[in-house]
Amino acid sequence: MEGYRVLTTLLLMRSGYAYVPYSSLESVIENSKEGYYLALRQTQKTIRSPRPNWQRWAVYFLRALQQQKQRLEKKIERERLVLGTLPELSLQIVEALKERGRMTIGEIVNLTGANRNTVKKHVATLVEINHLAPTWNRQGNVVWQTLTQITLCDSTHETHHVHLL
């Protein structure tokens, strides 16, 4: 079962469905295992016949993709609601981190022009509500990055930052 998941994700991403890695198809299938195995068995019964019947499997699979997309839409809407309630400085911090990847408190202060202690308070609040997380740079300094940011490498081994929102 694992092979189809990897292949499906790869094919969907190559077809332009960039949301696929951020909303688990595996969890959709896990929640509907009975339907998955039923559709699979019914299709497998006809697979060696002159006219295999793919309809049951195709319908199951398309519905699973639809559920996956709906789950991601809900995640995005929740993110929008939370971001809509943040103070302006917090929004500036989140947006700056999305653009730049990682930043120290000092870099955030320089960019926003806000008081260092005020920035620290906003960062602490953003950590509490799961928008930011601390990491460390090569020099061992604490840097901040958004939890909605993922770094990917494409086939040319170039690094790209992908934002969930």
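This is a predicted model: local features need pLDDT of at least 70, side-chain atom pairs count only at pLDDT 80 or more; totals for chains, interfaces and linings use all residues.

User: Is Thr8 buried or exposed?

Analyst: A residue counts as buried when its relative accessible area is under 20%. Thr8 has a relative accessibility of 11%, and therefore counts as buried.

User: Which residues are in contact with Thr8, apart from its neighbours within four places in sequence?

Analyst: With those neighbours left aside, Thr8 is in contact with Leu25 and Phe61. Thr8 and Leu25 are 17 residues apart in sequence, and their C-alpha atoms are 9.2 Å apart in space.

User: How should I read the nonpolar cores?

Analyst: The general idea is that nonpolar side chains tend to be buried together in soluble globular proteins. Here, the largest nonpolar core has 17 residues, and Ile93, Val119 and Val123 have the most contacts inside it. H5, H6 and H7 are the elements that give two or more residues to this core. H5 gives the most, with five residues. There is also a second, separate core of eleven residues, including Leu12, Ile29, Tyr60 and Leu65.

User: Which residues of helix H6 are buried, and what covers them?

Analyst: In H6, residues 105-112, the buried residues are Ile105, Ile108 and Val109. They lie on the same side of H6, because they cover an arc of only 100° around the axis. Their cover includes helix H5 (88-100), helix H7 (116-128) and strand S2 (142-146). Just after H6, Gly113 has a positive phi of about 75°.

User: What span should H7 have, given 1.5 Å a residue?

Analyst: The span expected of a helix is 1.5 Å times one less than its number of residues. H7 has 13 residues and should therefore span 18 Å; its end C-alpha atoms are 18 Å apart, which agrees.

User: Which residues of H7 are buried, and which exposed residues are on the face turned away from them?

Analyst: The buried residues of H7 are Val119, His122, Val123 and Leu126. An arc of only 100° around the axis contains them, so they are on the same side of H7. The face turned away from that buried side carries the exposed residues Asn117, Lys121 and Glu128. Among the elements that cover the buried residues of H7 are H5, H6, S1 and S2. For Val119, leaving aside neighbours within four places in sequence, the contacts are Ile93, Ile105, Ile108, Val109, Thr112 and Ala114.

User: In which sense do S1 and S2 pair, and over how many bridges?

Analyst: S1 and S2 pair in the antiparallel sense, over five bridges. Leu132 stands opposite Thr146 in S2. The two strands form a hairpin with five residues between them, and Gly140 in the turn has a positive phi of about 85°.

User: Where is Thr135 found, and is it buried or exposed?

Analyst: Thr135 is found in strand S1, residues 132-136. Its relative accessibility is 18%, so Thr135 counts as buried. Apart from neighbours within four places in sequence, Thr135 is in contact with Arg102, Asn141, Val142, Val143 and Gln145.

Note on methods: Residues are numbered from 1 along each chain as its sequence is written. Side-chain values use heavy atoms; hydrogens and water are left out. Helices (H or I, at least four residues) and strands (E, at least two) are DSSP runs, numbered from the N terminus. Buried means under 20% relative accessible area, exposed over 50%, partly exposed in between (1.4 Å probe, protein chains only). Contact means heavy atoms within 4.5 Å. The arc is that of the directions from the helix axis to the C-beta atoms. Two strands pair if DSSP finds at least two bridges between them. A nonpolar core is a set of buried Ala, Val, Leu, Ile, Met, Phe, Trp, Tyr and Cys residues joined through side-chain atoms within 4.5 Å.
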